[in-house]
Amino acid sequence: MTDPTYSRQGNDSSRPLLNDNDDYASNRNNSSGSSSPSSISSTSSSKRWISDPEKGLEPRSFAEKQQPARITTSARWSPSFSSPATPASVLAKPLSVFTSLRRVFQRNPATVIGGRYTVSLRQLLGLLAALTTISLLGFINGLRDSRSAAGLWARDMIGPFMHRGPLTYVYDAAALAEERANYLPLRYGLAHAPTDEAVALERYERVRGKGTHTSLKKIQTPMRRETRMEREERERRLRAVRDGFEHAWQGYRKYAWGHDEVKPVSGWVRDSFNGWGATIVDALDTLIIMGFDREFDEAVEWIRTSLKFDQDPKRQLPFFETGIRYMGGLLSAYDLSGEKVLLEKAEELAGYLLNAFQHGTFPTGLVTSDPKYTSSARWFVLAEVGTIQLEFTRLSQLTGKPVYAQKALDVFRALADMTTELPGLFPGDIKEDPDSTYTNYHATVGSGVDSFYEYLLKEWIIQDGNDDLSRDMFLSAVDSIQNYMVSRPDTGSQEYAMLGAVSSKDKSINPQMGHLACFFGGSLAMSSSYFDRPEDLTLAKQVTETCFLSYRHSVTGLGPEMFTFEPSNADGTKFKVNTDTFYHRRSSSTEYLLRPETIESVWILYRMTGEKKYQDKAWEMFESMERSCRTKIAYSGLRNVNRPGSYDDKMESFFFAETMKYYYLIFSTPDVISLDNFVLNTEAHPIRRV
């Protein structure tokens with residue numbers, strides 16, 4: 001039979017057809033004399049039941065509510081329907097979800113859904129049970145694979161009820177295997193894959209902590225499990241950052257390959273840091289972290305064949321920048337890739353940097369590859385002498401030669417013997433004299449001193465907590481910062497605060513803070529966890545919020561190089577907030593140099609608190625940079641953050657090493673360059689903790 005609404009004509013093919021306007025009961029009574037199997041009884045029982053060979057018995061009260069069946073001449077009654085279907089016969093047949101859907105919807109007694117097709121209560125319950133079973137199986141399978149569609153659905157639906165607090169990202173063996181398998185084709189694109197996939201996977205695992213070890217406490221907080229929408233949003237932002245890095249890298253590669261920097265507006269080149277291809281070396285580890293494996297291999301080949309440190313033995317090399325950019329970049333890239341040429345180059349460079357120590361304990365600010373051309377010095381910049389310890393300690397660990405770490409740590413020992421009017425806080429310019437006493441100076445955590453305080457903590461970390469001197473010096477500095485350097489808004493707000501320049505003589509504060517000082521929020525956050533100092537985390541959040549607000553309240557959404565507030569009391573412990581501009585624009589240095597310090601602290605706070613608001617702040621900052629700094633070639637700094645389009649045509653190598661790396665890391669999964677596996681130097685080069 002081709003249509004359930006078959007003909008009811010019996011043997012009389014000329015019988016007129018029923019139409020939708022006929023009365024069903026009337027036609028039934030008029031056919032009472034027919035002997036056809038389809039005849040409808042005219043007895044008294046016909047008032048209660050209607051017989052139908054396909055349906056069995058149907059209550060008349062229900063049938064009268066239905067529209068009459070349309071009868072066609074193309075479909076005839078078939079003897080196969082001579083035996084009415086009963087509930088028992090229907091249920092006796094096996095129910096298959098995929099092959100018996102039509103049977104489920106056939107008509108039978110006790111119908112609960114009317115119309116052209118009806119379903120019995122038992123069949124409806126059976127269908128619901130089957131669908132529930134399928135859903136349950138999908139949910140169970142989703143628990144095994146949280147990245148499947150069913151798993152994402154299940155996690156989003158019940159996750160908020162099961163997990164009220166933070167959860168650790170769980171990576172079982174199967175999930176890790178799948179992620180590794182998908183790493184090249186899905187995450188990063190085959191265009192950037194190396195010829196040897198095993199090499200790429202080794203780098204992938206090193207970025208996620210392979211080979212690291214520490215006995216110190218873990219400071220990264222377990223992260224709340226993402227919903228599907230949160231993951232999609234995070235990965236969309238991650239791709240945007242990676243695309244931005246690739247845009248800048250291709251601009252440098254096209255216009256300035258082998259030079260220190262590209263000028264992102266004009267396309268000219270700059271050689272401000274020895275002319276050794278600073279951008280190439282500074283960007284090495286970022287290339288690995290972001291999965292640009294072929295670009296990394298190309299850069300390593302250039303280093304192997306073209307990077308020469310001794311081309312000009314008389315050239316004056318900046319000790320500080322050479323150490324953090326070149327040596328830090330080479331060591332970090334070696335840690336993440338295992339490329340031996342990088343370690344060889346790092347050790348060669350360290351041999352030249354040792355020339356800076358030939359006249360005393362403190363390294364000179366300028367050094368030459370030939371020691372006879374390296375001059376002595378009487379005054380030293382604190383950050384320059386106190387920002388080599390991390391790199392030299394790691395080099396000693398890798399080479400087994402203690403000379404590098406000894407030279408670097410002797411600097412800390414000499415500084416510890418000095419006396420300062422503010423305990424633990426030094427002036428920017430110092431002399432090499434262990435009996436020196438410093439009074440009547442201004443102390444900050446900004447330019448000239450910043451990375452010294454940063455390295456006190458990080459030297460203790462890389463030595464796995466075995467350097468008590470560095471720890472004690474750091475905590476002494478933090479205590480003085482908490483006691484003397486903090487200035488707060490006169491509105492009474494506890495949301496933000498700033499670290500100004502404090503006078504060692506009268507302890508008054510100049511409420512002025514540089515962008516470079518914004519890194520200290522991250523250091524305070526790590527201090528709070530390592531040393532159980534909750535007051536440090538509070539201040540870390542307040543200082544980082546001030547730095548972020550300096551971005552938000554600028555016209556371009558980017559932070560100025562130096563922002564100043566008007567003091568509201570004599571000692572500067574309170575400052576006034578401009579309701580329109582936040583900071584005082586006229587007395588501030590409003591250039592933007594693509595600096596990383598604010599996003600650095602935002603990233604560390606995110607990893608340590610798990611609060612998504614820090615990702616949102618980072619995205620707001622990144623979008624502002626995209627709108628205001630992106631050029632056809634790369635990204636340019638601004639002469640004035642309150643004047644859009646005021647390009648300075650500069651993009652230093654730290655933009656690749658730090659700024660874009662921190663933006664990428666805050667949208668990565670927390671196992672990528674974990675704070676529990678790596679310590680980052682002041683140029684954001686991750687050093688493995690072993």
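Which residues lie nearest the centre of the largest cavity? The structure is a predicted model, in which local features need pLDDT of at least 70 and side-chain atom pairs count only at pLDDT 80 or more, while totals for chains, interfaces and linings use all residues. Residues are numbered from 1 along each chain as its sequence is written, and side-chain values use heavy atoms, with hydrogens and water left out.

Three cavities of 30 Å³ or more are present; a cavity is a set of points on a 1 Å grid over the protein atoms alone where a 1.4 Å probe fits but cannot get out. The volume of the largest is about 90 Å³, taken as the space filled by probe spheres set on the points. Its lining (residues with an atom within 4 Å of a point) comprises 13 residues, and Lys-458, Met-526, Leu-675, Val-679 and Leu-680 lie nearest the centre. Two or more lining residues come from each of α18, α20 (520-530), α22 (597-609) and β23 (678-680). The lining has 10 nonpolar, no polar and three charged residues.

Helix α18 (residues 450-462) also packs with helix α16 (residues 389-399): their axes come within 9 Å and cross at roughly 15°. The two helices are therefore roughly parallel (angles under 35 degrees), and their crossing is right-handed. The contact (heavy atoms within 4.5 Å) involves Gln-389, Leu-390, Glu-391, Thr-393, Arg-394 and Gln-397 of α16, and Tyr-455, Lys-458, Glu-459 and Ile-462 of α18. Three nonpolar, three polar and four charged residues make up this contact; Ala, Val, Leu, Ile, Met, Phe, Trp, Tyr, Cys and Pro count as nonpolar, Asp, Glu, Lys and Arg as charged, and the others, Gly among them, as polar.

Key. Axes fitted to C-alpha atoms, helices over the stretch in contact; angles between N-to-C directions. Helix = DSSP H or I, 4+ residues; strand = E, 2+ residues; numbered from the N terminus. Parallel < 35°, antiparallel > 145°, perpendicular 65-115°, else oblique. Left-handed = near helix turned anticlockwise from the far one by under 90°. 1 Å grid on protein atoms, 1.4 Å probe; cavity = no way out; pocket = protein on both sides within 12 Å on 5 of 7 lines; lining within 4 Å.
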